[in-house]
Amino acid sequence: MAAAVSSIGIMDGAYFVGRGEILHWINATLQLSLAKVEEAASGAVQCQLMDMVHPGVVPMHKVNFDARTEYDMIQNYKVLQDVFNKLRIVKNIEVNKLVKGRPLDNLEFLQWLKRYCDSVNGGIMNENYNPVERRSKGCKERGPKGSNKSSKSLQANRLSGGDSADGGPRVGKVCNTFAEEHYIEQIQQLSEKNADLKISVDSMEKERDFYFSKLRDIEILCQRPELEHLPMTKAVRKILYAADAKDSPLPDANDIITKSPGLFSDEAE
């Protein structure tokens, strides 16, 4: 089963599962609230999804859900790769691309992972699995992160710094904060729309290249000396090289085949 799932082609239905469906599946399964697929770039989500379908295989105490740096993220993917090796799952994890947070790369890996999870036990999930409890198992062994302390310190400085006795600057800061939050929200919305468009464009380009390579293979085959004079080859080339997008070349191609003497003589007999 692992080999079959790991070798699914790029045009397999698994890769047409939308971003929204993937996020809903992750959030509902692991009780999270991810808004973008790239928020799973740290590899922790993938580790827990494997922990859900293969209880006891993933060392959750090694999974860092607070990973922010590429180094920490890579450690999570090392855990995931070890799990794949234990389960004999042949799947190349493109860690260098995933940790960059590129939406399409993370979406494709999560699409593959969903297909794998659905293939285990017929897609029936363990109702006794407690995702929050399993995550806390790893978090308990981790102390407060320095980045968290620094971020709290920064927030404290923003709230307390620069206040005067008459409260004037404080009011100004509150107004500026509201304006800043409004702009940040707009930027986030535009960024999400831009990410969705990028995913759509990348998917269409990949699909275009796929079908173009197929047409190119057919063209090369039609250029073989022993085939290029055959009526069927001429009909196929008629379709391939049709310049008018409005009128279909299919009727002319059919005429080439039907008017070729002896082409259907065996069927007539």
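Biologist: How many helices and how many strands does the protein chain have?

Modeller: Please bear in mind that this is a predicted model. Along the sequence, the pattern of elements reads α-α-α-α-α-α-α-α-α-α-α-α. The protein chain accordingly has zero strands and 12 helices.

Biologist: What span should helix H2 have, and how far apart are its end C-alpha atoms?

Modeller: Helix H2 covers residues 19–30, which is 12 residues. The expected span is 1.5 Å times one less than the number of residues, so H2 should span 16 Å. The end C-alpha atoms agree with this, being apart by 16 Å.

Biologist: Which residues in H2 are buried?

Modeller: In an α-helix there are 3.6 residues a turn, so residues three or four places apart point the same way. Within H2, the buried residues are Ile-22, Leu-23, Trp-25, Ile-26, Asn-27, Thr-29 and Leu-30.

Biologist: Which residue with a positive phi follows H2, and what is its relative accessible area?

Modeller: Most residues other than glycine have a negative phi. Gln-31, which follows H2, is not a glycine, yet its phi is positive at about 55°. This residue is placed in the loop between H2 and helix H3 (44–53). Gln-31 is partly exposed, and its relative accessible area is 48%.

Biologist: Is Arg-88 buried or exposed, and what is its relative accessible area?

Modeller: Arg-88 belongs to the loop between helix H4 (70–86) and helix H5 (95–98). Its phi is positive, about 55°, although Arg-88 is not a glycine. The cut-off for an exposed residue is over 50%, so Arg-88 is exposed, with a relative accessible area of 73%.

Biologist: Which residues is Ser-42 in contact with, leaving aside its neighbours within four places in sequence?

Modeller: Ser-42 is found in the loop between H2 and H3. Its relative accessible area is 10%, and it is therefore buried, the limit being under 20%. With neighbours within four places in sequence left aside, the contacts of Ser-42 are Ala-67, Met-73, Asn-76 and Tyr-77.

Methods. Residues are numbered from 1 along each chain as its sequence is written. This is a predicted model: local features need pLDDT of at least 70, side-chain atom pairs count only at pLDDT 80 or more; totals for chains, interfaces and linings use all residues. Side-chain values use heavy atoms; hydrogens and water are left out. Helices (H or I, at least four residues) and strands (E, at least two) are DSSP runs, numbered from the N terminus. Buried means under 20% relative accessible area, exposed over 50%, partly exposed in between (1.4 Å probe, protein chains only). Contact means heavy atoms within 4.5 Å.
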